[in-house]
Amino acid sequence: MELLAQARLTFFGMTPNSPELWVKIIVTFILGLGVMFAFTKAPIRARRMIVFSFTFASGLFYILLWLWPVAVAREPGTLPNNAVEGVAFWLDDAVPRIADVAQILTAFLLGLGIMSLLTVHTQRIRRKAQDWKYSVLLMVSLVTMVGFGYVDWIQKKFQDPQGKLLEMANWGPVQYGQDLLFDGAYQQMEAAMFSMIAFFILSAAYRAFRVRSVESTVLMASALILMLSLMGALDFIWTTGINNLVAQTHNPFLDNFKISEVAGWVKSTLQTPSIRAIEFGVGLGAVAMGLRIWLGLERGGVSA
Amino acid sequence: MQYLDTGWFGIFITLMMVTFVLSNIYRAKGKKELFIRRISGLNALDDAIGRATEMGRPIVMVPGIGDLNAISVQAVNIFKQVAKTASQFGTPIRVCCANAAVYTVAQEVIRDVYQGAGMIERFDSQTVQFVSDRQFAFAAGVSGMILRDQAAASFLLGEFYAESLIFAETANAIGAIQIAGSTKTAQTPFFIAACDYVLIGDEYYAASAYLTREPVLVGSLIGQDWGKILIAAMVFFGFLLNSIERVQPATQHRGEDDKGNANWTPVDSATVKEKDKLKKANDTFTFQVFNPFITEAMKKVDPPRKPDPDAPKEEGK
């Protein structure tokens with residue numbers, strides 16, 4: 001506990017390139033390989049037990065983190081005064097370490113993802129499947145992008161300690177190439193995909209607003225009110241009309257029928273409570289699901 | 001050292017929810033038949049698989065673009081049930097992943113299904129595939145796949161953002177039957193507009209209980225329903241309590257001039273004095289229960305200061 005309370009004494013806080021750090025890294029690496037090997041050789045029942053144990057331990061950590069008293073205004077390098085603070089400090093210090101582990105695992109899994117991508121597209125090219133040329137394009141793009149990115153990183157990291165390459169005037173062919181591929185091509189294509197959503201919204205809305213049932217009629221009516229309320233000119237004409245009507249009839253209740261008031265009522269009285277009710281249900285569902293996974297009760301699902 | 005006071009209320013309510021779920025799981029263990037209301041989106045799963053089988057076209061399944069969490073695990077659970085049926089009929093499936101961790105889990109789960117059904121030869125590299133972890137590259141990749149393979153059905157279940165409509169409209173354009181569900185309330189309207197069936201809110205989490213009818217899962221659903229009743233009761237009593245605590249006399253009276261314009265005048269001074277006794281929003285019991293760490297000192301945004309007697313006096317004052 002006390003060791004973890006001081007950041008400079010933790011495993012990852014050791015002096016870079018020190019022999020102790022290298023010994024610890026090598027030992028951890030070998031141990032990790034051993035655990036992975038043992039895991040692959042373990043029978044399925046034992047594997048499930050291991051998975052359950054890891055899941056339970058991870059869940060327990062975050063539950064403790066949530067329930068345990070949080071010491072406020074903790075200064076760096078301070079030691080805990082008692083056992084409660086000791087656990088709180090330990091939990092606090094362990095969060096970035098666990099995040100590191102998760103990040104490393106994600107990096108490995110990304111490698112598996114890229115393997116999947118390469119396998120699928122290599123097979124498509126080999127079999128000359130339909131539109132296999134797109135697969136060639138994808139492979140070439142992947143290699144080119146990684147190549148430019150990697151060379152750029154090496155140049156910036158090792159050959160440019162003053163950071164001159166950050167300025168466009170000092171760019172070389174690699175930086176221009178990367179800029180062309182990423183900002184010039186990829187980002188533009190992404191923006192184009194995003195822009196297409198506008199047309200998709202239009203076609204989906206057209207289908208949804210066709211009056212075929214009571215539900216679609218309600219949907220169309222509420223959408224119409226909200227859209228009309230956002231049209232400045234129409235809102236002005238409507239509001240002026242209502243104001244004149246109020247002046248003639250001396251009935252301020254009619255103010256409620258201004259288009260902006262009706263739209264506000266639809267949003268605050270109908271839409272917001274409905275969304276909140278749905279979110280309550282979603283939250284409860286997530287709690288129940290998390291609980292089942294944590295306690296290994298999700299039989300027949302992912303954890304079985 | 002001081003500790004952050006997060007209050008007892010949140011922890012108490014969460015523990016109550018947990019107790020509801022666990023106790024109902026325990027209660028349900030011995031029971032065979034437990035009622036779940038009909039969810040048309042989940043009933044349509046078999047129809048969609050049947051349609052794909054008849055047409056000999058693949059089923060495209062997307063577990064969203066979120067990380068590996070309860071939402072994506074639930075999506076994989078549903079896909080597992082779909083894969084069970086599809087593997088029996090030899091219907092090709094395509095599970096497209098945007099997250100490497102979700103891809104790894106989905107691959108293991110779906111491979112297990114094929115292995116369990118003795119159809120492992122039907123599981124190939126395209127059955128579960130990683131497309132891209134960039135949002136719109138993923139959208140383009142999956143849309144291209146839906147169009148090229150002329151998917152007969154598409155199941156969009158998980159955490160979706162702006163790309164939801166790209167998938168839904170692309171699949172709609174080729175006449176694929178679509179079942180969608182997202183816990184993101186911002187995306188649900190898009191799915192409702194574009195898809196045939198939509199799982200709304202907690203229906204999404206009810207899916208595995210609905211499809212498997214396992215007592216443990218159905219018991220958990222009943223626990224969730226108890227939780228909903230508790231929340232509804234809390235909302236009702238909360239607004240009642242807050243309304244009673246903050247009953248306040250009017251300080252202005254609305255009148256009208258000759259032209260019908262509103263004319264606000266203060267009411268008599270005896271009533272106005274009552275405003276000093278009014279409770280502010282952050283003095284109410286409800287506020288204090290939910291915000292125990294907000295102290296009296298913190299409520300004073302700009303506390304009055306005593307004048308400094310040594311400060312030089314400004315001219316004209």
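Tutor: Ser229(A) touches Asp235(A), Ile259(A), Ser260(A) and Ala263(A), leaving aside residues up to four places away in sequence; contact here means heavy atoms within 4.5 Å. This is a predicted model, in which local features need pLDDT of at least 70 and side-chain atom pairs count only at pLDDT 80 or more, while totals for chains, interfaces and linings use all residues. Residues are numbered from 1 along each chain as its sequence is written, chains are lettered from A and ligands numbered from 1 in the order in which they are written, and side-chain values use heavy atoms, with hydrogens and water left out.

The serine belongs to helix H7 (residues 214–229) of chain A. Helices (H or I, at least four residues) and strands (E, at least two) are DSSP runs, numbered from the N terminus. The side chain of Ser229(A) also reaches the backbone oxygen of Leu226(A), at 2.7 Å. With a relative accessible area of 15%, Ser229(A) is buried. That word stands for under 20% relative accessible area, with exposed over 50% and partly exposed in between (1.4 Å probe, protein chains only).

Now to another helix of chain A. In helix H5 (residues 132–159), Lys156(A) and Asp152(A) are four residues apart, so about one helical turn separates them. The two form a salt bridge, with their closest N and O atoms 3.2 Å apart; the term asks for a side-chain nitrogen of Lys or Arg within 4 Å of a carboxyl oxygen of Asp or Glu. Asp152(A) is buried, with a relative accessible area of 6%, whereas Lys156(A) is partly exposed at 32%. Side chains of opposite charge can pair when their charged atoms come close.

Over all chains, the whole structure has eleven salt bridges. In chain B, Glu203(B) and Arg37(B) meet through their side chains at 3.0 Å, N to O. Glu203(B) sits in helix H8 (residues 203–212) and Arg37(B) in the loop between helix H1 (9–28) and helix H2 (40–55) of chain B, so this pair ties together parts that are 166 residues apart in sequence. Glu203(B) counts as buried, at 15% relative accessibility, while Arg37(B) is partly exposed at 47%.

Asp202(B) has a salt bridge of its own to Lys228(B), the closest N and O atoms being 2.4 Å apart. This pair spans 26 residues, from the loop between strand E6 (197–200) and H8 of chain B, where Asp202(B) lies, to helix H9 (residues 215–245) of chain B, where Lys228(B) lies. Asp202(B) is buried at 17% relative accessibility, and Lys228(B) is partly exposed at 32%. Together with Asp225(B), Asp202(B) and Lys228(B) are linked in a network of salt bridges.

Chain B as a whole holds twelve helices and eight strands, and 46% of its 317 residues are buried. Among its contacts between residues at least 6 apart in sequence, 70% join residues at least 24 apart. The largest nonpolar core has 56 residues, and those with the most contacts inside it are Ile59(B), Ile93(B), Val95(B), Ile110(B) and Phe155(B). Such a core is a set of buried Ala, Val, Leu, Ile, Met, Phe, Trp, Tyr and Cys residues joined through side-chain atoms within 4.5 Å. Its largest share, ten residues, comes from helix H3 (residues 70–89) of chain B. Val95(B) touches residues including Met61(B), Phe79(B) and Ile110(B). Apart from this core lies another, of 33 residues, among them Met193(A), Val62(B), Ala98(B) and Ala180(B).

Finally, the place where the chains meet. There, 65 residues of chain A are in contact with 69 residues of chain B. The two chains bury about 5,600 Å² between them, 69% of it on carbon and sulfur atoms; buried area is the accessible area (1.4 Å probe) that two parts lose on being put together, summed over both. Two salt bridges cross this interface. Glu190(A) and Arg134(B) meet in a salt bridge at 3.7 Å, N to O. On the side of chain A that touches chain B, helix H3 (44–67), helix H4 (83–126), helix H6 (173–208) and helix H9 (259–294) of chain A each supply at least two residues.

Key: A polar contact is a pair of N or O atoms within 3.5 Å; within protein, one must be able to donate a hydrogen and the other to accept it, and residues adjacent in sequence count only if both atoms are side-chain atoms.
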